[in-house]
Amino acid sequence: EQAEAASKAMEPAITLDGVHFPVQANIGSFEDAEKVIAAGAEGVGLMRTEFLFQSRAELPDEQSQYEEYKRIAAAFGDHPITIRTLDVGGDKPLESYPMEAEENPFLGHRGVRMCLADKKLFSTQIRALIRAAAEQPNIQMMIPMISTVSELKYCKKLVEEAREELGLSHSNAPMNVGIMIEVPSAVLDADNLAAEADFFSIGTNDLTQYVMAADRGNPKVSELVDYTQPAVLRAIRMTCEAGKRAGIPVSMCGEMAGDTQVTELLLKAGISKLSASASLLPALKEQIRQTSLN
Ligand code: PEP
Ligand code: MG
């Protein structure tokens, strides 16, 4: 029986009406890669790169980032691996990078906001990603905390500049550039963002916190930090609809993606891929197999 469960975990998840929904993993290090492949992940929907930057005295240089991205992507063969650019600040400080204390860190200089203010830091990571993608075309780049179209356009400009500096082109170093949808302004302007992004991935941890104006780490407001709140579900549906209008895929990588109680709702809303912790993947696949879209 155990062997049967294990072999089912490696099979794709197909709904009762025959639609394949890729189930991917969230990872935070190379060590995770082997574990999630064994758990049946069809690629990575979110690789948090913070681990490369944390617990060290100096920032990782371009070469070491390039080697790490390439090594992890190679472990996944042809399956896509979605590498998120640095998402620190707010609740996630770095020893190697002093940050000023802020009164409202979750509304402050975090994620892409911090990266855009330090072109050297950001371009080092972008160059490493492009070089790795030139050898591992399964790599795609994902930007966290995008709030405006102009932020995304500027990120894409940095990607173009880095590609040129490296003497590479779209044909020998293709790389999808997608964004996380985790800020209410991104939901409200999703049509315009969709025109610039190759994909969306909904980060329900932050999206819930920001839609509900309730700190995701504060137990006093935990009733509000609930992704089944109607306003959060509405935001998810709006994002899916904008993705559909623009013809780009919308995936989900926040905690909600791994909750089998809401799988049917998400598939029906138009989410095309789910990404969750490795331990949740076999049950998630089983849930998809019991779901019908009609
Ligand atoms: C999210 O906000 O849902 C997410 C996946 O990102 P993180 O939890 O790393 O902020
Ligand atoms: Mg987030």
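Ala213 is found in the loop between α10 and α11. In this predicted model, the phi of Ala213 is near 50°, a positive value in a residue other than glycine. The residue follows directly on α10. Is Ala213 buried or exposed? Ala213 is exposed, because 9 other C-beta atoms lie within 10 Å, and a residue with 12 or fewer such neighbours is classed as exposed.

Met145 also has a positive phi, of about 65°, although it is not a glycine. Its place is in the loop between β4 (139-143) and α7. Met145 counts as buried because it has 23 C-beta neighbours inside 10 Å, and the threshold for a buried residue is 20 or more. Helix α7 (residues 149-165) contains Glu165, which is exposed because 11 other C-beta atoms lie within 10 Å.

| Residue | Other C-beta atoms within 10 Å | Class |
|---|---|---|
| Ala213 | 9 | exposed |
| Glu165 | 11 | exposed |
| Met145 | 23 | buried |

**The barrel**

The strands form a closed barrel of 8, in the order β1-β2-β3-β4-β5-β6-β7-β8, with parallel pairing. On average, neighbouring strands of this sheet are turned by 30° against each other, direction ignored.

Strand β1 is largely enclosed by the rest of the structure, because 5 of its 5 residues are buried. On one side, β1 (residues 23-27) runs parallel to β8 and is joined to it by 3 bridges. Within this pairing, Val23 stands opposite Leu274, and Gln24 has Ser275 as its bridge partner. Strand β1 is also joined to β2 by 3 bridges, again in parallel. There, the bridge partner of Asn26 is Leu46 in β2. Together with helix α2 (residues 30-38), β1 and β2 make a right-handed β-α-β unit.

Which residues of β8 point one way, and which the other? In a regular strand the side chains alternate between the two faces of the sheet. In strand β8 (residues 273-276), Lys273 and Ser275 point one way, Leu274 and Ala276 point the other way, and all are buried. Strand β8 also runs parallel to β7 (residues 250-252), to which 2 bridges join it. Ser251 stands opposite Lys273 in this strand. The chain crosses from β7 through helix α12 (residues 263-269) to β8, and this β-α-β crossover is right-handed.

**The ligand shell and helix α10**

Which residues surround ligand 1? The shell consists of Leu46, Arg48, Asp87, Glu182, Gly203, Thr204, Asn205, Asp206, Cys253 and Gly254. The elements that give two or more residues to this shell are β2 (44-48) and α10 (204-212). Helix α10 supplies the largest share, 3 residues. By class, the shell has 2 nonpolar, 4 polar and 4 charged residues. One of its members, Leu46, is also the bridge partner of Asn26 described above.

Helix α10 is mostly covered, with 7 of its 9 residues buried. The buried positions are Thr204, Asp206, Leu207, Thr208, Gln209, Tyr210 and Val211. Among them, Thr204 and Asp206 are buried and also belong to the shell around ligand 1. Which elements do the buried residues of α10 pack against? They pack against β5 (177-181), α8 (184-188), β6 (200-202), α11 (230-246) and β7. An α-helix has 3.6 residues a turn, so residues three or four places apart point the same way. After α10 the chain reaches Ala213 with its positive phi, and that residue is exposed.

Technical notes:
Residues numbered from 1 in each chain as written. Chains lettered and ligands numbered in written order. Predicted model: local features only at pLDDT ≥ 70, side-chain atom pairs only at ≥ 80, totals over all residues. Helix = DSSP H or I, 4+ residues; strand = E, 2+ residues; numbered from the N terminus. Pairing = 2+ DSSP bridges. Right-handed = clockwise from strand over helix to strand, strands pointing away. Near = placed C-beta within 6 Å. Nonpolar A, V, L, I, M, F, W, Y, C, P; charged D, E, K, R; others polar. Axes fitted to C-alpha atoms, helices over the stretch in contact; angles between N-to-C directions. Contact = placed C-beta atoms within 7 Å.
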